[in-house]
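Please open the structure in the viewer and keep the sequence at hand.

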Amino acid sequence: MSQLHVSAEFDGLIARLDEITPLLKDNAEKGEELGRLTDEVAQALQETGAFKVGIPRELGGYEFSPRQVIETIAKVTYADASAGWAYMALQMVTGTTAAYLGPDGVADLYPDVPGGRYARMAGQGTRMGKAVRADGGYRISGQWSFASGISMATHIHTAAFCEETGQALVFTFPKEQAALVDNWDVMGLRATNSIDYVCEDLFVPDSHVFETSTMDAKHGGAIYRVGLANMAGICHTGWALGVGRRMLDELKALVAKKTGTPGATVDTGQFYAEYAKAEAKLRAAAAWAMEVWADNEATLDAGELLSTEQETLTRLMLNNATWSVHEVGLTAYKWAGTAALRRGDLQRFFRDLHAGTQHVTSGPVVLQNCGKWLAGLAPDARWVFLDLQAPR
């Protein structure tokens, strides 16, 4: 089995993302008003090569390692949480589709990755549509939500269940074949364009279909053996850490202006202690994230699949990162005072954070299943996508 690839493209991409960080920051407010990332931001991300992060190296992509992906997403997210969210979703689906489809699908969707000619996918796989077998493929129907980043996509990736075969499958097709529902009216992550979309009896050929729970990569190295659920976990970890760092840095800049003024609450022992606790909580979450993925990477590099313990700790680590950053955000909001009420970076990040915590990967059921397995109450159970399932 193939080894884990650690990309030499990492430092160069991070440098290019540093160059466009001011653009991402300057466009964040406009993106929120539009309900999608601005064209300037979308073009800048494309030109850096950021969407190649998840595409297998053999197809011309960068194929970053898990920890490289975490740091890359944290970098984009630090500039703008909505940009980070839309980017993480798009690059993940674009990369995994390239890994799990066979040669015919890849030839169609990824004709020249180094030259920038490749499909970019948005969509989601947590709500199932209906799939029916047809000659040479399937016909799918349904309405799906949360197509984050779809304004930057050329294609849609979506999941549907086929009763005939008992399989949950992922389907990829051109964006214009779906009806897009402009219903993204939300509190936070407004610029992610995470709208609904609808398909009615849409034919998708076998060449553009793979199983939702697959870990059998047709292209690329060891990272793709973690499967879609753990790939999502990598992405959401990077997003949470980027949000946490930016909110603490925003608070730090704000208190520098407040200190020394009459009655400044930031000139109190209570503020000092709570800021220190927030810093410790964020750094601890980041350190555990990197520790978990260092262990996972060693397993993958040895040609093995992650154990149930490793998968459990990976999911628990993401939950910890998400909710630790939530606490960091509450601290930032509390001590920012009325400045956090006003429209601006801190208020927007606070709202974006509270939208991001609602994602299913950090939800209570996943946390409960982690505790169940770690307590020894489901020793033979295995993770299948986002569920902990007992053996049949």
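Which residues does UniProt list for "domain: Acyl-CoA dehydrogenase C-terminal"? The unreviewed UniProt entry gives residues 234-360; UniProt positions follow the numbering used here, feature names are shortened, and annotations may be inferred rather than shown by experiment. The model is predicted, so local features need pLDDT of at least 70 and side-chain atom pairs count only at pLDDT 80 or more, while totals for chains, interfaces and linings use all residues. Residues are numbered from 1 along each chain as its sequence is written, and side-chain values use heavy atoms, with hydrogens and water left out.

Select residues 234-360. This stretch is 78% helix and 0% strand, and its end C-alpha atoms are 14 Å apart. Helices (H or I, at least four residues) and strands (E, at least two) are DSSP runs, numbered from the N terminus.

Next, select Trp239, in helix H6 (residues 227-258). Trp239 is buried, with a relative accessible area of 3%; buried means under 20%, exposed over 50%, and partly exposed in between (1.4 Å probe, protein chains only). Beyond its neighbours within four places in sequence, Trp239 is in contact with residues including Ile73, Trp85, Leu189 and Leu353, where contact means heavy atoms within 4.5 Å.

Turn now to backbone angles. Most residues other than glycine have a negative phi. Select Asp201 in strand S7 (residues 196-205): its phi is positive, near 55 degrees, and Asp201 is partly exposed at 49% relative accessibility.

Finally, select Phe385, in the loop between strand S9 (382-384) and strand S10 (387-389). Phi of Phe385 is also positive, near 55 degrees, and Phe385 is partly exposed, at 23% relative accessibility.
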